[in-house]
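Please keep the sequence and the structure in view while reading.

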Amino acid sequence: MTDAAAPAPTPTPRPKAALNAARSFWLKQLHQWHWISAAISLVGLVLFAATGITLNHAAQIPAEPVTVEQTATLPAPLVARLGEMAEETTDPVPDAVARWAAAEMDAPIAGRPTETTVDEVYVALPAPGGDGWLTIDRATGEALRETTTRGWIAYLNDLHKGRNTGPVWYWFIDVFAVACVVFALTGLALLWLHARNRASTWPLVAAGLLIPAVIALIFIH
């Protein structure tokens, strides 16, 4: 006798339905990674694109360097601490001298290598968009700091190049670059998924590859 309550066999999903389900899954994942990477890299993309233009036209963009000098005199006990340094060395100045320079002259010289001679201590203080240095006379304690700035465009250009920006910005550039790669690759995958409904997709992608390649091969020597 047949059991009427027996469950019906599960129908085998149709290949087209399974394909549509997989496509829907990947579309959702790619859109998520695409917008997240876009959000992370948006400000950086604008900054690096804009400074790419300013760097390309650096010779046409005028910049007036502004130089500021500061003077101060190291207290006698700290002059004695400088006397404890070797006559010629690249060692940083003693911590007490570095704290005085930071407080009195806003000069961040702690831990920085020096060019120390018998007569003076010289510390380079490069910065994005400018330059600077500090010297201290080892006999008299007279300190001179000079700072040169070249404006906001030069500052942003140096951020683009990672020039004199320190380790934190160095790592930010790497993280930003990874976000840009994710943004580009997920965009490419989305192009591939939508290409069948957009006939111009691959011709435009090919143009984006061929135009710079042709320019490089023909016009760059």
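Is isoleucine 211 buried or exposed? Isoleucine 211 counts as exposed because its relative accessibility is 52%; buried means under 20% relative accessible area, exposed over 50%, and partly exposed in between, with a 1.4 Å probe and protein chains only. The model is a predicted one, in which local features need pLDDT of at least 70 and side-chain atom pairs count only at pLDDT 80 or more, while totals for chains, interfaces and linings use all residues. Residues are numbered from 1 along each chain as its sequence is written, and side-chain values use heavy atoms, with hydrogens and water left out.

Isoleucine 211 belongs to helix H6, which spans residues 201-219. Helices (H or I, at least four residues) and strands (E, at least two) are DSSP runs, numbered from the N terminus. Together with Leu209, Leu210, Val214, Ile215, Leu217, Ile218, Phe219 and Ile220, Ile211 makes a nonpolar surface patch of about 960 Å². Patches are made of residues with over 30% relative accessible area and no salt bridge, like charges being joined within 9 Å and nonpolar side chains (Val, Leu, Ile, Met, Phe, Trp, Tyr) within 5 Å. Accessible areas come from the Shrake-Rupley method with a 1.4 Å probe, and for residues only the protein chains shown count as cover.

The sheet may be considered next. Five strands form an open sheet in the order E1-E5-E4-E3-E2, with antiparallel pairing. Two strands pair if DSSP finds at least two bridges between them. At the edges stand strand E1 (66-73) and strand E2 (115-116), each of which pairs on one side only. Strand E5 (residues 142-149) is joined to E1 by eight bridges in the antiparallel sense, and glutamate 142 of E5 stands opposite threonine 73. E5 also runs antiparallel to E4, through seven bridges; here aspartate 131 has threonine 148 in E5 as its bridge partner. Four residues lie between the strands in the hairpin of E4 and E5, where glycine 141 takes a positive phi near 80°. E3 and E4 are antiparallel as well, with five bridges, and tyrosine 122 is partnered by threonine 135 in E4. The hairpin of E3 and E4 has five residues between the strands, and glycine 129 in its turn has a positive phi of about 80°.

Strand E3 (120-124) and strand E4 (130-137), like helix H2 (76-83) and helix H3 (95-105), each supply at least two residues of the largest nonpolar core. This core has 21 residues, and those with the most contacts inside it are Leu74, Leu82, Trp100, Ile109 and Leu134. H3 gives the most to the core, with six residues. A nonpolar core is a set of buried Ala, Val, Leu, Ile, Met, Phe, Trp, Tyr and Cys residues joined through side-chain atoms within 4.5 Å.

Aromatic side chains provide a further theme. The whole structure holds seven aromatic pairs; rings of Phe, Tyr and Trp (its six-membered ring) pair if their centres lie within 6.5 Å, and planes under 30 degrees apart count as stacked, over 60 as edge-to-face and the rest as tilted. One of the pairs is that of tryptophan 169 and phenylalanine 172, which is tilted, with 4.7 Å between centres and 40° between planes. These two residues are separated by about one helical turn because they lie three residues apart in helix H5 (residues 166-194). Phenylalanine 172 also stacks with phenylalanine 176, at 6.1 Å centre to centre and 15° between the planes. Phenylalanine 172 is partly exposed at 35% relative accessible area, whereas phenylalanine 176 is buried at 8%. Phe48, Trp169, Phe172 and Phe176 form one aromatic cluster.

How many salt bridges does the structure hold? There are four, a salt bridge being a side-chain nitrogen of Lys or Arg within 4 Å of a carboxyl oxygen of Asp or Glu. One of them links arginine 81 to glutamate 84 at 3.6 Å, N to O. Aspartate 158, buried with a relative accessible area of 3%, meets arginine 150 with the closest N and O atoms 3.8 Å apart. Aspartate 158 also meets lysine 161, at 3.6 Å. Lysine 161 is exposed at 51%. Salt bridges that share partners join Arg150, Asp158, Lys161 and Arg163 into one network.
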